[in-house]
Amino acid sequence: MKKFVIIVLAAVINLSVYAQRDARQPFKGVIGKTLADSKQSWPEKIKAADGAPNVVWILIDDVGFGASSTFGGLVATPNFDTLAANGLRYTNFHTTSLCSPTRAALLTGRNAHHVAMGHHPELATGFPGYDGDIPFEAGTAAEIFKENGYNTFALGKWHSTRPEDVSAAGPYNRWPTGRGFEHFFGFMGGATDQWHPLLIDETNPVNIEPNTTHLNKLLADKAIEYIANQKSADADKPFFLYFAPGATHAPHQVAKEWIDKYKGKFDNGWDAYRTKVFKRQQALGLLPAGTVLPPRQLGVKAWDSLSADEKKVYAHFMEVYAAYLSYTDYEVGRVINYLKQTGIIDNTVIFLMIGDNGASKEGTYTGTSGFSTKSQGEDIKFLLSQYDKIGTEFSSPNYPLGWSQAANTPFRYWKSDANSEGGTHNPLIVYYPKGIKEKGGIRFQYGHVIDILPTTIELTGLKVPDTINGYKQDPIQGTSLAYSFNNASAASQHTIQYYELHGGRAVYKDGWKAAVYHPRNTFGEKNGDINFNPRPFSQDKWELYNINKDWTETTDLAAKEPQKLEELKALFDSLAIQNNVYPLKSYTEGLPQPEIKPKRVIYEGTTVRTKINIGKGNVSITANVIAGKDPQGVIFANGGLFGGTSLYIQNGKLIYLLSDGLSETVLSSSKVITEGTYTINVQFIDSTVILSVNGEQQAQATITAKNKYLNTFGSEGVSVGRDLNSPVTKKYPGTFPFNGRVQLLTVEQPSATTKENAIVLPVDSFEAKLNQATAAQIIDTRLPEEFAINHLSNAININSLQSNYAEQLSKLDKTKPVFTYAIGNGRSVQLANELTEKGFTQVYVLDGGIGGWIGNAKPIYSTSKDNFTIADFKKITSTNKLVLLDLHTRYCPGCRKLQPTVDSLSKEYGITLKVVKIDVYDNPAIAGTFKANAVPTLIVYNDDKIIWRRTGADTQKGDVEKIITGLVLK
């Protein structure tokens, strides 16, 4: 392949003078004084070669090797079958084991880590292999096609842009239309509701609600529209179509008539399915001689051991999935049949990849209707209650791991397990009548998703510029498969390939494979489950397989062939360094925390969802509304049928509805909303939600967890003036647009702390990171020193911060990692930010729940920003009627209990109530002044005098009310 790349690049050194975005070309005509003595000359425009073929790439999502009938599965895919019968089936083709890395590798022809997509862009970290920004030095297929005179279209799932860049503010240069596609219609994330999709047209969100058309049909219709429009305008100009439906990624949703086709088809269970499909694959000649069907994966129950209720529900999950895949085949078939109908297919190259990874692992052991929070899945009684909803818009289902392994027949493991064939081994079909003589042939040559682009380049004769849009291009790393098209016995030319995903890894060379199983901890559990809980990297176990003789990885040869294993381990290390694979990390380890801003404003006139990250503290949402006669409609909404909130007016009542997808909590105004101007406020204070209008409380309710209702503020965004996409409730029709005006929507989070460069880690990852550190420094801002000594024995303890603060920090070494932790308050984050500002680059915070200010009580003084003095304190007390002063040297439960009352007391008594927090770590002199050296102290200060002080572990609301009513109001 290296020779192929060098030849191609060398042949196009001068191509950039004709690139579509180059500077104006020199004028080659003659300019005289008049037209008569002048000669016209037009700049040469780039044009595809005569007869250049159209190219269609089809990438199906989350399909295992043994699902489709085309590769022996029991799910009918007649259109895939027809394409394969007239082309070639590649049975030894591989992906990266996950959506985004596969797409980045496919589009660029380069390894995923090499183009910064070592995982999903939502899980980007600040390292070259993982930052989620595909470099412009890695030109995409669309950019190459466009430079060769093609039109370029992308439809469906993109999932190659960091989520913070997916907003109305862009930047758009890494959206599909910024990476070479002239048209895009699809969704930007990893998954979307099939009935209520978050659609983008070019760069503009699309409102299709109320919608009853499945996403697959919407995408097929648009693909046909693109082709029809383009060929009608210029029949000779070729196109490149990248068609990537969201199917069959969860949610598994499809119309009932498709589900009914599979009623009872899977009642024999996943064990019988595997056996039957394996025999079909053998009969079809898809497996090498001697291939063995591995035993059922550990953790998956035998079908015969299940209860009748379990069998009923689990079989139905597979009925829905099969229907979903068959329907996807149908819509793909509509696009292919349109090419046939118009005669276009005779000059079209089609690559159909049945899966961007193996069958899904996210469905848990039981399957999920959309509400699983643990790997063990959902209770069978609950699943039975959801039975009729599974597959509809009222569910977000994924099938159980037993069915996922069955869909991966004959391989082991699942999607995201990069060590395994089950995670990475996917079917490929290539159709090109002009270049492939054999019809219905089978190929066993080793291939990888990075091979699709160089294969396409060779078939079409594309010229690859050495520079695209001013960026010098990195070499394409894949190997063209064209050598095998008309030579079934040709030796594989792609002989070396590495794999890695969240620490799971493998390397292949000439039929030998070394691998480490390091699974994705999807649910953040720590229960020892082999399929979800990875061991520390220090305990990783390498396995060795001879894939030439053991296609399904059933015999580990690591003990018998130690020299071969060491050779491959060294090869992996070399490839990892070349491709930016290091540092290895477990699933969510090392993720930077999203920025939580204290105040965000959405202005009147916005037509799209706006993303706002919601933190762990209290939240205030205020809508400034002008209501006309008979006001009706949604003021703001976030989320959808599987969880969210909606503030709306209906039948004169103001309603704030919270949904967790299963039940609804409704707060309703006691007064009728008529024509007028209103300030409507929703407050989340600890476990309480309060609805107020014009300063008067209308209703309140107790909830269990705020973020399950508000998480979609940050992921999907909040819509203003209507309920976009999936509705939060069916209590109103469609988007239910507001017939008045929402002038402003203000979201305030007074406790918001920007975490900057500090990395916040969960407990297990925090301890694991400490264990990895050869030299660590620990700052204890709350916990006793004994904890640090007992649990963090390799750390240097600096926890005497009550005095000599600056001196203690000056002892820290910037070249070594710093770990700081304080469960329940924000001091660690403040400290971590100070350290990053001082140049520390390895700062880790134990995430135990960051506390903060509640309601509208706002701290006047922040220890991390101000150099606070006694003079500053006197200034504050002289300009505020009442000050609550929180002095503490350790965690203060009484102070926290007081905070929720501050806002309500301010309103109740009509006073200005301010809060000042002073941390004696920073200023022991002030602490000494008020004799609060060692215990929590709460002081109420008025008119430069102390009017009340409480020292101890608790402070009650009644104490403060007594002070206010006795000393202020009277």
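This is a predicted model: local features need pLDDT of at least 70, side-chain atom pairs count only at pLDDT 80 or more; totals for chains, interfaces and linings use all residues.
Residues are numbered from 1 along each chain as its sequence is written, and side-chain values use heavy atoms, with hydrogens and water left out.

View 1. D260 and K256 form a salt bridge whose closest N and O atoms are 3.0 Å apart. Because the two residues lie four apart in helix α6 (residues 256-260), about one helical turn separates them; helices are DSSP runs of H or I with at least four residues, strands are runs of E with at least two, and both are numbered from the N terminus. D260 is partly exposed at 42% relative accessible area, whereas K256 is exposed at 57% (buried means under 20%, exposed over 50% and partly exposed in between, with a 1.4 Å probe and protein chains only).

**View 2. A salt bridge between distant parts of the chain.** The side chains of R520 and E362 meet in a salt bridge of 2.8 Å, N to O. This pair links R520, in the loop between β16 (512-516) and β17 (542-546), with E362, in the loop between β8 and α9, 158 residues apart. R520 counts as buried, at 3% relative accessibility.

View 3. S375 is found in the loop between β8 (348-354) and α9 (380-385), and S375 counts as buried at 0% relative accessibility. Leaving aside neighbours within four places in sequence, S375 is in contact (heavy atoms within 4.5 Å) with residues including T364, Y365, F523 and F532.

**View 4. Helix α3 and the residue after it.** In helix α3 (residues 99-108), 10 of the 10 residues are buried, so the helix is largely enclosed by the rest of the structure. Among these buried residues are C99, R103 and T108. Just after α3, G109 takes a positive phi of about 70°.

**View 5. The salt bridge of E438 and R443.** The closest N and O atoms of the salt bridge between E438 and R443 are 2.8 Å apart. E438 counts as partly exposed at 35% relative accessibility, whereas R443 is buried, with a relative accessible area of 1%. Elsewhere, salt bridges that share partners join D61, R103, K157 and D356 into one network.

Technical notes: A salt bridge is a side-chain nitrogen of Lys or Arg within 4 Å of a carboxyl oxygen of Asp or Glu.
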